[in-house]
Amino acid sequence: MLTPAIRKEIARLERADIMVGIPSFKNAATIGYVVRAAQAGLVQYFPDLRPVVVNSDAGSPDGTGRVVVETEPPDYVERILLVRPTNKLARVSLTYPEVDGSGGKGAALWTIFEIAAALEVQALVVVDSDLRSILPEWIELLAGPILKGGYDYVAPLYSRHKHDGTITNTVTYPLTRALYGLRIRQPIGGDFGVSGDLVRHYLEAPDWTPDVSKFGIDIWMTTTAVAGGFAVCQTRLGAKVHDPKDPGADLGPMFRQVVGTILRVAVANADRWRDVRGSHDVPAYGFERHADPPPLEINVLRLLSEFQAGSLTMASTWREMLAPATAAEVLALAEEAGTVATTVREHLGMGRPGTEAPSTAAMAEAAAAFMFPDDLWARIVYDLIISARAAPEAVDARVAALVPVYFGRVASLVIENRELSTDRAEAHVERQAREFERLKPYLLGRWDEAGPATGGPSTAEPA
Ligand SMILES: Nc1nc2c(ncn2[C@@H]2O[C@H](COP(=O)(O)OP(=O)(O)OP(=O)(O)O)[C@@H](O)[C@H]2O)c(=O)[nH]1
Ligand SMILES: [Mg+2]
């Protein structure tokens, strides 16, 4: 599956102990800094190991790969840090092939896994190419637990702005915690440490899908590690500053790929979560960090409007994928979202010529009447697991129909947290996660009711 060019690189490099893998797609503006930070981290913290940096690029037209090859070489790092490493750092940028016809971040990582396995690395560190807050220390923080602590999977801990990380806060964190019993706060953070053993396990996993080739990769890596019984820890990285996204504008496809993947993997791993009750803390590595992440603006009005608009076109899908009581509550709430959206528009005089776009805070204040309850959201997500088991072929369509409902849920959190500090907003994420745990019997009840005849573990083809 590797291209001849990649095979040639592997033959040239032969072996490595530690590898930093960087997936990219049109990141010419930011990847140079990430590469220099990775090089500096390898040279400073692991001067006795054989290090390699691999950029796995989508064939970006903006010259991302060229930036990687032309940025200051490792000797620059040796000069500024006054370190003489035992081994020369190798640096590669290559174009990854698609996996079964699908390209994306996950396909980029598949190539990174193949190279890491071929070079027999002990630790693989993966970092995003749009990071602005990465420091050399991150390489130690992500690889240290593997090389020194015997861990297999290192998930990041960041300080994120209270309105950032909405897919994490509403789905991947509470669901991973309630299903598998592990409080992994950033299961799709994008910056990870992976042991050589776990890399080989990934390459043998039978459940790679087109969504995993895209943004499903992060939750797939985390869940595959957890379900496989690998030793998992977290590491304190400070703030995550990167190209941020407004959930209403940018996150639709990412939501579908992440949530589609978490549902399919949940169905396949029912034996791993059926008997889990409650949850445990996951050990955290690294010194405490206090960092102020940059603020993020969210268009609350747009989220509410999309929720209401969704009810007009997707009501029948909502009724198919949700339990009758859940569907009725969602439809009533969508109507309310429409009413509140109208109030917000009138209150802020929007649509009149010459009026500026209002701030997140102003929109949230005007929409203060809107509330999407925690328990309803938890039952929705659980209903989707049941639906994914009963109709695996309908997962994509149903997760797409969930997007406006998710917008409603995000709007509610932004409104509720509009005046709160990051810590107080965090308490609401915890409250929601406890609600997922409390309602797990609801999931188990529906799962058992459906019985073994309607589905069972999926039978995905090996990748
Ligand atoms: N090779 C490759 N890399 C990709 C592709 N899409 C995204 N990436 C990389 O994956 C990393 C994460 O992508 P982002 O778009 O920043 O997504 P994110 O930071 O996880 O998402 P948010 O937290 O919601 O902002 C970056 O390094 C991207 O360059 C792709 O199609 N191919
Ligand atoms: Mg990013």
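An open sheet of 8 strands runs through this predicted model in the order β3-β2-β1-β4-β7-β5-β8-β10, and its pairing is mixed. Strands here are DSSP runs of E with at least two residues, helices are DSSP runs of H or I with at least four residues, and both are numbered from the N terminus. Two strands count as paired if DSSP finds at least two bridges between them. The edge strands are β3 (90-95) and β10 (284-285), each of which pairs on one side only. Residue numbers start from 1 along each chain as its sequence is written, while chains are lettered from A and ligands numbered from 1 in the order in which they are written. Because the model is predicted, local features need pLDDT of at least 70 and side-chain atom pairs count only at pLDDT 80 or more, whereas totals for chains, interfaces and linings use all residues.

Strand β5 (residues 153-159) runs parallel to strand β8 (residues 232-239), and 7 bridges join the two. Within this pairing, Y153 has V232 as its bridge partner, A155 stands opposite Q234, and P156 is partnered by T235. β5 also pairs with strand β7 (residues 192-195), in the antiparallel sense and over 2 bridges. In β7, the bridge partner of Y153 is V194. β8 in turn pairs with β10 in the parallel sense over 2 bridges, and T235 stands opposite Y285 of β10.

Burial was assigned from C-beta atoms placed from the backbone: a residue is buried if 20 or more other C-beta atoms lie within 10 Å of its own, exposed if 12 or fewer do, and partly exposed in between. On this basis β5 is mostly covered, with 6 of its 7 residues buried. In β8, 6 of the 8 residues are buried, so this strand is largely enclosed by the rest of the structure. Helix α2 is mostly covered as well, with 13 of its 18 residues buried. The end C-alpha atoms of α2 (residues 28-45) are 26 Å apart, which agrees with the 26 Å that its 18 residues should span at 1.5 Å a residue. The expected span is 1.5 Å times one less than the number of residues in the helix.

The protein has 19 helices and 10 strands. Its radius of gyration is 23 Å, close to the 23 Å that the globule rule gives for 463 residues, so the protein is as compact as a globular protein of that length. This radius is taken over C-alpha atoms, and the globule rule is 2.2 Å times the number of residues to the power 0.38. Along the principal axes, the C-alpha atoms fill a box of roughly 65 × 60 × 40 Å. Buried residues make up 52% of the 463 residues.

Around ligand 1 there are 21 residues, of which F25, A58, A108, D128 and S129 come nearest. A residue belongs to this shell if its C-beta atom, placed from the backbone, lies within 6 Å of the ligand. The elements that give two or more residues to the shell are β1 (18-24), β2 (51-57) and α5 (105-118).
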